[in-house]
Amino acid sequence: MVAAAATATAANPLTCSLFPSQGLRGTTSGLQWTKRQCTRKASALTVTAKFDLKPPPYPMNALEPHMSKDTFEYHWGKHHRAYVNNLNKQIEGTELDDMSLDDVVLITYNKGDPLPAFNNAAQAWNHEFFWESMKPGGGGKPSGELLQLMERDFGSFDKFVEEFKSAAATQFGSGWAWLVYKANRLDVGNAVNPCPSEEDKKLVVVKSPNAVNPLVWDYYPLLTIDVWEHAYYLDFQNRRPDYISNFMERLVSWDAVSARLEVARARAAEREIEEARKRKEEEEGNFTDKEPAEIFIDGVADDSETD
C-alpha cells in the first residue's frame, strides 16, 4: 500500500547484528519484537524512510464542499503523516524494516496482542485505503457484479447502506466501518480456513476499533469510512451520522470498490486452488511414505510330496 523508498546511502554502511535472542521469532501467535543492535557512523550516513506518505489520488480541494480542504490538510497532512513517520522510526533496525506494509500489519497485530508498531502501521494502511475509497463526484449506486452481490447478501442496496451506516454510527469511540469480501468462515483471528464453502464467499459489513482493520481477520477490504473524530470534526463537529450520510451519498467511489472486489475474488480463488494443490501433495506424500504391508499366504500341502 505505502510505497517503499531507499533505505540508506553511505560510504560507511550501516552495520546491524541480529543476535539469536532478538528479532521476530516463532509464528504470529508468539512473536517477540525487539530492535537489532546497530552501529553507525552518523556523519557518513544518510537514512531515508522506508515508507513514503503517498499523496491522495486527487487535489486537496477536490472533494469540496463535501469534505473541506482544511479537513483534508489536517487529516492527511498531519494525522496520516504522523502515522507514517512514527512507523518508520519504530521499525528502523528491526526485522520489520524489510517487509511490506501489509505484512507489518499482520505480524504486529499478533492475534489481538499488538506489538509496538501495529497502531501506526495499521493507521498508515487504513488512511491510504480511505483516500482511495472516495472520488470527486462520488456516491450514487454501484452496478454490475458488486450490486448483484449486495442484493444477494444484504437483500438490497438500500439495506446494505442502512447496515453500513449503522456500523459506522455505532462504533464506540474511534474506529472504522468496512465492507469486506469474506472468503472463509472465520469471525476473528488471522488464520486461514483451508476449506471454505460457497456460503462463506459473501459480502459482510464489519466495524473495528482504533487502528484494527479486516486484514487481521483474513478478510478482503472493499470500502471503509474513518469515524475517528479528526476525520469529520472541522466540517460536522459532533454530527457523525451527517458525516456518514454525506460520505455514502456524495463521496464513495464505487469504481474503486468494484475493482477491489474483482481482485479479492480472484485472489480467493487462487488461494483455494493453491491450498487444494498442497493438500493433494501432502496426501500423496503420506501415501508414498508408508511402508509396504507384508503379505502372508497360507501354504497349501502338495499331495505329491512324501515323507
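In which helix is H127 found?

A: H127 is found in helix α3. Helices here are DSSP runs of H or I with at least four residues, strands are runs of E with at least two, and both are numbered from the N terminus. A word on the source: this is a predicted model, where local features need pLDDT of at least 70, side-chain atom pairs count only at pLDDT 80 or more, and totals for chains, interfaces and linings use all residues. Residues are numbered from 1 along each chain as its sequence is written, and side-chain values use heavy atoms, with hydrogens and water left out.

Now back to H127. Its relative accessible area is 0%, so H127 is buried. Buried means under 20% relative accessible area, exposed means over 50%, and partly exposed lies in between, with a 1.4 Å probe and protein chains only. What surrounds H127, leaving aside its neighbours within four places in sequence? H127 is in contact with H75, H80, Y83, W176, D226 and H230. Contact means heavy atoms within 4.5 Å.

Take L203. Setting aside neighbours within four places in sequence, L203 is in contact with residues including L146, M150, F154, L179 and L261.

The axes of α4 (residues 144-154) and α5 (residues 157-170) come within 8 Å and cross at roughly 75 degrees. Axes are lines fitted to C-alpha atoms, for helices over the stretch in contact, and angles run from 0 to 180 degrees between N-to-C directions. The two helices are therefore roughly perpendicular to each other. That label covers 65 to 115 degrees; under 35 is roughly parallel, over 145 roughly antiparallel, and the rest oblique.

Now the loops. K111 lies in the loop between α2 (101-109) and α3. K111 is not a glycine, but its phi is positive, near 50 degrees. K111 is partly exposed, at 44% relative accessible area. N210 sits in the loop between β6 and β7 (220-226). Its phi is also positive, about 55 degrees, although N210 is not a glycine. N210 counts as partly exposed, at 43% relative accessibility. P65 lies in the loop between β4 (45-47) and α1 (69-91). A cis peptide bond joins E64 and P65, with omega about 5 degrees. Most residues other than glycine have a negative phi, and most peptide bonds are trans.

Finally, step back. The chain has 8 helices and 7 strands. Buried residues make up 42% of its 307 residues.
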